[in-house]
Amino acid sequence: MFKKLCTLLLPLCLAAALLAGCGSEPTPEEPPAKEGDPDILQIKTGLGPLATYLNLDGLSQETLDGCYETLDLTQESPETGTALHITETMGDSTLLYVAFTLTCPQAGDELPDFRATLLPENGLASSQGPALNTELRVEEAGGGSFNCLAIFDYKSTESLSVGKPLTLMLESSQGGASTPAFVLTASWTPQKLAPTQSLELKNEAGNPVGTALLSPLSLKLLLKDSGGQSGEALSNSIALLDSKGDALEVNGSFTLSGSSGMVGGGAFFSPVEPSAVHTIQVGNYTAQLPQ
């Protein structure tokens with residue numbers, strides 16, 4: 001009886017030992033990231049507002065490295081207790097994303113009424129400068145802090161360049177008992193901006209009709225001739241095509257406007273690798289990228 005019981009238990013003990021051994025095997029360690037070339041997932045995890053606003057999965061490490069940089073700039077106002085801390089930027093020659101934290105201890109969870117302005121190197125806003133669209137996204141972070149993403153879009157004009165100093169200014173429109181009026185500024189010199197390709201748009205006869213500015217982050221257009229098409233129709237027809245003629249997913253919002261000609265374009269919510277783009281399509285007009 002004892003011998004029979006041992007015969008039955010032996011396979012069970014071996015199975016348990018094998019299971020225990022499998023569970024105790026050490027997990028292989030991830031290879032260490034090279035200095036200056038961190039893993040792309042680590043970068044995207046640390047992007048904060050940028051990662052929640054943009055789908056960066058289509059960008060290679062090399063492309064992301066060329067347009068994204070981290071900053072650590074802080075300005076604090078002792079009088080009001082407010083503070084500005086810029087953490088990240090990403091952009092090209094026509095578009096810039098600036099991620100920052102605004103801290104207003106007295107504001108609590110109530111968002112203070114303020115505006116963000118991007119100033120050129122002379123530190124003064126220019127009324128003669130290119131048309132600029134500004135969008136501000138804010139998320140309450142608790143304790144009077146707000147995570148912000150400012151988007152500065154110069155439409156079709158190349159206005160930003162590496163080595164050209166910039167200043168971000170935050171200014172409250174009015175002060176109150178809970179949130180005093182404030183003006184905060186922080187300056188830096190961009191070192192990384194995505195390269196922009198200038199391409200000639202042509203009609204079906206092969207004649208030039210305008211210019212397209214393409215980067216991994218945006219497409220900007222200048223059309224001398226709309227061909228009788230409305231701005232809305234042209235805007236809805238914009239597409240980036242691959243070598244097979246299929247539209248790439250950019251999830252962009254494009255706007256073209258004008259009278260005799262058309263100016264505009266938009267940013268990509270899903271940035272693209274330039275090497276994946278074969279053709280830019282705008283109505284009956286196209287621009288071919290060198291392959």
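Buried means under 20% relative accessible area, exposed over 50%, and partly exposed in between, with a 1.4 Å probe and protein chains only. The model is predicted: local features need pLDDT of at least 70, side-chain atom pairs count only at pLDDT 80 or more, and totals for chains, interfaces and linings use all residues. Residues are numbered from 1 along each chain as its sequence is written, and side-chain values use heavy atoms, with hydrogens and water left out.

View 1. L136 is partly exposed, with a relative accessible area of 31%. This residue lies in strand β5, residues 133-142. Strands are DSSP runs (E, at least two residues), numbered from the N terminus. L111, L136 and V138 make a nonpolar surface patch of about 210 Å². Patch residues have over 30% relative accessible area and no salt bridge; nonpolar side chains (Val, Leu, Ile, Met, Phe, Trp, Tyr) are joined within 5 Å, like charges within 9 Å. A salt bridge is a side-chain nitrogen of Lys or Arg within 4 Å of a carboxyl oxygen of Asp or Glu. Accessible areas come from the Shrake-Rupley method with a 1.4 Å probe; for residues, only the protein chains shown count as cover.

**View 2. The five-stranded open sheet.** The strand order is β1-β2-β3-β6-β5, with antiparallel pairing. From one strand to the next, the twist averages 20°. Angles run from 0 to 180 degrees between N-to-C directions, with axes as lines fitted to C-alpha atoms. Two strands pair if DSSP finds at least two bridges between them. Antiparallel strands β3 (residues 95-103) and β6 (residues 145-153) are joined by nine bridges. Y97 faces I151 of β6 across this pairing.

**View 3. The three-stranded open sheet.** Here the order is β4-β7-β8, again with antiparallel pairing. β4 (114-119) and β8 (183-188) each have a single partner strand, so one side of each lacks a neighbour in the sheet. The twist averages 15° from one strand to the next. Six bridges pair β4 with β7 (residues 166-172) in the antiparallel sense. L118 has L168 in β7 as its bridge partner.

**View 4. Strand β10 and its two hairpins.** Five of the seven residues of β10 (residues 208-214) are buried, so this strand is largely enclosed by the rest of the structure. β9 (residues 197-202) pairs with β10 over six bridges, in the antiparallel sense. Their hairpin has five residues between the strands; G206 in the turn has a positive phi of about 90°. A hairpin of three connecting residues joins β10 to β11. Five bridges link β10 to antiparallel β11 (residues 218-223). G210 of β10 stands opposite L201 and also opposite L223 in β11.

Methods:
Helices (H or I, at least four residues) and strands (E, at least two) are DSSP runs, numbered from the N terminus.
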